[in-house]
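Here is my note on the model you sent. Keep the structure open beside it as you read.

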Amino acid sequence: MGDWRLDGLAYGGDYAPEQWPEEVWAEDVALMREAGVNLVSVGIFSWALLEPAPGEYTFGWLDRVLDLLHDAGIRVDLGTPTAAPPPWFAKRHPGARLVDRAGHTLGQGGRQSFCPSSPQYAAAAAGIAEQLGRRYGDHPALVLWHVHNEFAGVNAHCYCDTCAEAFRVWLRERHGDLGTLNAAWGTAFWGQRYGEWDEIEPPRLAPTAVNPAQQLDYLRFCSDTHLANYRRERDVLRSHSAAVPITTNFMIANCKWVDYWKWAGEVDIVANDHYLASERHDRHVELAMCADLTRSLAGGAPWLLMEHSTSAVNWQPRNIAKRPGELARNSLAHVARGADGVMFFQWRASRFGAEKFHSAMLPQAGTGTRIWREVTELGTRLAGLGGLRGTRVAADVAVVWDWEAWWALELEWRPSVDVTFRERVEAYYARLWEAHLTADFVHPEADLGRYPLVVVPSLYLTTAAAAKNLDAYVSGGGTLVVSYFSGVVDANDTVPDGPYPGSLREVLGVTVEEFLPLRAGERVLLSDGSAADVWAEDVQLAGASPVLSYVDGPAPGGPAVTRHERGAGVAWYVSTRLADADLGRLLERVYADAGLGARPAVPSAVELVQRPPYLFAINHGAEAAEVRGVAVPAGEVVVLSSPSPSSSEGAGP
């Protein structure tokens, strides 16, 4: 995690002193100390205040803020304010405005309202980063640089002429020449062959589906463009502040359009923003999944929870408040899964602007509130867990996750609109969570050898390297389980020669003659009584053995679930969407193949995570539970010493 110059876990949040009269700042700092805050993020949306006119800078207020925080022993995560260019930028550079897929130029008044390919934006962003790096690079309060804010959060894609030209440059670098590009994109279909580079446009809104390979490359280009913007600012800061770690805040839960596998190696510390999907009944499971994915992007190293909320947010259709104890459960679940810091948006609730109804550490109602009491209690508890800093989580299994496969799967004209990437990943992850198995997420081409079980919930796009990697894993003794509609196309969205599932048919020992999507509401029954919906397949055995068969539906009597012994390992294939309980029951058989042994005898509502030297027991249920002889009250978190039951301490830090 780099040199934080902190004694323990980080605790704090986004601090926007510019929203308040200066006489409030001293009160803020005093309350931060009362709450146990030791780190705040500053300056993230302050470009218009720092540079009120081009080349004119007003840093005095920020000098005073950083000095005040330093004198109080509070460290600073200093942001570059480049997610919100000042109004003068849009007026001076109208060609740098964002253009949507239909060709509409979008207005100002929000944030990230700029074209990510704009050279004028690049110059202005590098300019303000240069000024900040030069002025604050050796400030004693500074422990972390925070580049931009939530890259691609609302401007993931732009379709302007500047982007069109930048896309052509990117395509030349990727494909080399037009002949290679035409072959990769399959432009013989619908007579799309390109004879000149300047004939190629972004996949703008068209009368029908646009070439999927073109769309896929454009999504890659957009992700790479945002990454280039991050690198530019990072390198400017590094030139002035080589010893201070640099990061940006990912959005694992909410940003489909950034390939974070590519980004993870570019930051010194992996940081993530996570906000609950508050109307979901299983929101705590989704939180765990995103925390595990964030830790996995960090290569198993500790990471930073840069933003989450004390209670309700303001941007969901119905913004549900967190109930007593949920703030601590959410925060400690992130810590259990590898976070070395817990940060919120934001410190003091705003009185104006688009996020005035977003909860904060210091609510509008002040310090006489339940939220404030829970914030201070959490600060005390995190201080007691300082020994966790730098420790790693013990994972049991791996789940394959690939952003490019997600993009490709959900383009137009697939066999069923009901087949989506996150749905299958979350279904399999939830079953692992209920079985008290901690998951690492892995890229499909990553080293898999240390995992007894690898789960592939959705890998429609499967590269040749990924297929070879999965096959080698099984042949070497691993246990693999693959869900339907995986291995179907290559990196260019092209179906390989031969039957489905393409590059995975050898390792799975099956072929699929035809996909059999089900009608809305249609169900099928399997031979063990399991129920399934959404999808079925005409599966043919090619070395695998049938485990479960279809009883009815479009493929009665055909294999539905198969098991293939290959080399020293085993590969399972699940060709339909099993009901959750039935999928969990099937996975128990897979766990046995993987040698994972019996699961802990505790209720599924109790989340168990080992982050040595502790075992976290988080009770999301309505009734008390017992873990290692220690009571875990409903809604509470108990931290046990690990691994010896005799050394358990129920109260924990």
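1. Phe250 has 1% relative accessibility, so Phe250 counts as buried. Tyr260, at 2%, counts as buried too. Buried means under 20% relative accessible area, exposed means over 50%, and partly exposed lies in between (1.4 Å probe, protein chains only).

2. Ground rules. This is a predicted model: local features need pLDDT of at least 70, side-chain atom pairs count only at pLDDT 80 or more, and totals for chains, interfaces and linings use all residues. Residues are numbered from 1 along each chain as its sequence is written, and side-chain values use heavy atoms, without hydrogens and water.

3. Confidence. pLDDT is the predictor's confidence in each residue, from 0 to 100. The protein chain averages 96, and 97% of the residues score at least 70. Treat residues 644-653 separately: there the pLDDT is below 50. Beyond near neighbours in sequence, that stretch has 22 contacts in the model (contact means heavy atoms within 4.5 Å).

4. Aromatic pairs. Rings of Phe, Tyr and Trp (its six-membered ring) pair if their centres lie within 6.5 Å; planes under 30 degrees apart count as stacked, over 60 as edge-to-face and the rest as tilted. The count comes to 38 aromatic pairs. Phe250 and Tyr260 are stacked, at 4.3 Å centre to centre and 25° between the planes. This pair links distant parts of the chain: Phe250 is in strand S6 (residues 249-250) and Tyr260 in helix H9 (residues 260-264), 10 residues apart. Helices (H or I, at least four residues) and strands (E, at least two) are DSSP runs, numbered from the N terminus.

5. A second partner. Tyr260 also pairs with Trp263: the centres are 6.4 Å apart and the planes at 75°, so this pair is edge-to-face. Both residues lie in helix H9, 3 residues apart, about one turn of the helix. Tyr260 and Trp263 are both buried. One aromatic cluster includes Phe250, Tyr260 and Trp263, with Trp261 and Trp401 also among its members.

6. Which strands stand at the edges of the open sheet? The sheet has 7 strands in the order S11-S10-S12-S13-S20-S19-S18, with mixed pairing. Two strands pair if DSSP finds at least two bridges between them. Strand S11 (439-442) and strand S18 (545-549) are at the edges, each with a single partner strand, so one side of each has no neighbour in the sheet. S10 (residues 397-400) and S11 pair in the parallel sense over 4 bridges. Ala398 stands opposite Asp440 in S11.
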